[in-house]
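Trainee: Please take me through this one term by term, with the cut-offs.

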Amino acid sequence: MSAVTEHPNARRMREAAEAVGRGDIPAFLEHFPADVIWYWPADRTEDRIYHGREGLMRFFGRLGERSKGTMRPQVVDALASEQHVVIFLRVTATRDAERLDTQVAHFATVGSNGFARNWFLPSDLAAWNRFFG
Amino acid sequence: MREAFDAFNRGDFKTFGSFLAADIVWHVGGHHPLSGDYRGRSAVLEYCTKAFELTKGTLRGEPLDIMTSDRHAGVFNRITGQRVGRRLDAVLAQALTFDADGRWTEYWALADEQDEVNAFWSAAG
């Protein structure tokens, strides 16, 4: 889908992902409401849901720390309706001799203040956990 | 996409299988007896058949929203079913990739209430 015809919700999510790619977490957080919910396929129940922008900062802070700042999300597709959006990312990161290269689907519901509920799903969770765990 | 989901809902796995690439990889997340990676059409259809049988045919998907391109799809799918006195009612965010012929090549998903999904499939029958 070209940027010209892209749905506004898809374009906004693309901008959010690109902010992460620049390491600009404050710009990323602007796309989410204060009470954002972030679902993540963690093993432990208490790690499965992150609440609020502080939760997102914790989530991405850990990724940045574990990847030594090398994590890069590349947008490969962005799809949207009036209520929902999903963006497909190729995420790469390196740490010493380790390298991560996997796809992630990030789903969200669209609210008046941004992306309210979010599901962040690596296709290869085992590879993701080996790298970031 | 809706034709595939309709086929799944009526337990028509021959038709459902026609939407899958031969080398599809299907990831089932969570921590329950069906969790794991299923590789190849036959393995995926065996998994689907088992899930259908465990719920005595009550397993249903109700797509709430389907977003597609020629390479990917994102689906919010309300999944319901019953087994051994338990009822499942969860929304799954389902991600799919397609090959050049439009067949599904990879599937992965995450529920909003994963603990309930785990408990549902883990219940002793």
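Mentor: A polar contact is a pair of N or O atoms within 3.5 Å; within protein, one must be able to donate a hydrogen and the other to accept it, and residues adjacent in sequence count only if both atoms are side-chain atoms. By that rule, chain B and chain A share 11 residue pairs in polar contact, both residues at pLDDT 80 or more. This is a predicted model, in which local features need pLDDT of at least 70, side-chain atom pairs count only at pLDDT 80 or more, and totals for chains, interfaces and linings use all residues. Residues are numbered from 1 along each chain as written, chains are lettered from A and ligands numbered from 1 in written order, and side-chain values use heavy atoms, without hydrogens and water.

Trainee: What makes B:Asp112 and A:Arg117 a salt bridge?

Mentor: The rule wants a side-chain nitrogen of Lys or Arg within 4 Å of a carboxyl oxygen of Asp or Glu. Here the N to O distance is 3.4 Å. The pair therefore qualifies under the 4 Å limit.

Trainee: How much area is buried between the chains?

Mentor: About 2,000 Å², 65% of it from carbon and sulfur atoms. Buried area is the accessible area (1.4 Å probe) lost when two parts are put together, summed over both. The figure therefore covers both chains.

Trainee: Which residues lie closest to the centre of the largest pocket?

Mentor: The largest pocket holds about 480 Å³ of space. Of its 24 lining residues, A:Leu125, A:Ala126, B:Val28, B:Gly29 and B:Gly30 are the closest to the centre. Elements giving two or more lining residues are S6 (114–122) and H4 (125–132) of chain A, with S1 (20–28), S2 (36–39) and S6 of chain B. The lining has 10 nonpolar, nine polar and five charged residues.

How values were computed: 1 Å grid on protein atoms, 1.4 Å probe; cavity = no way out; pocket = protein on both sides within 12 Å on 5 of 7 lines; lining within 4 Å. Points joined across faces, edges and corners; volume = space filled by probe spheres on them. Helix = DSSP H or I, 4+ residues; strand = E, 2+ residues; numbered from the N terminus. Nonpolar A, V, L, I, M, F, W, Y, C, P; charged D, E, K, R; others polar.
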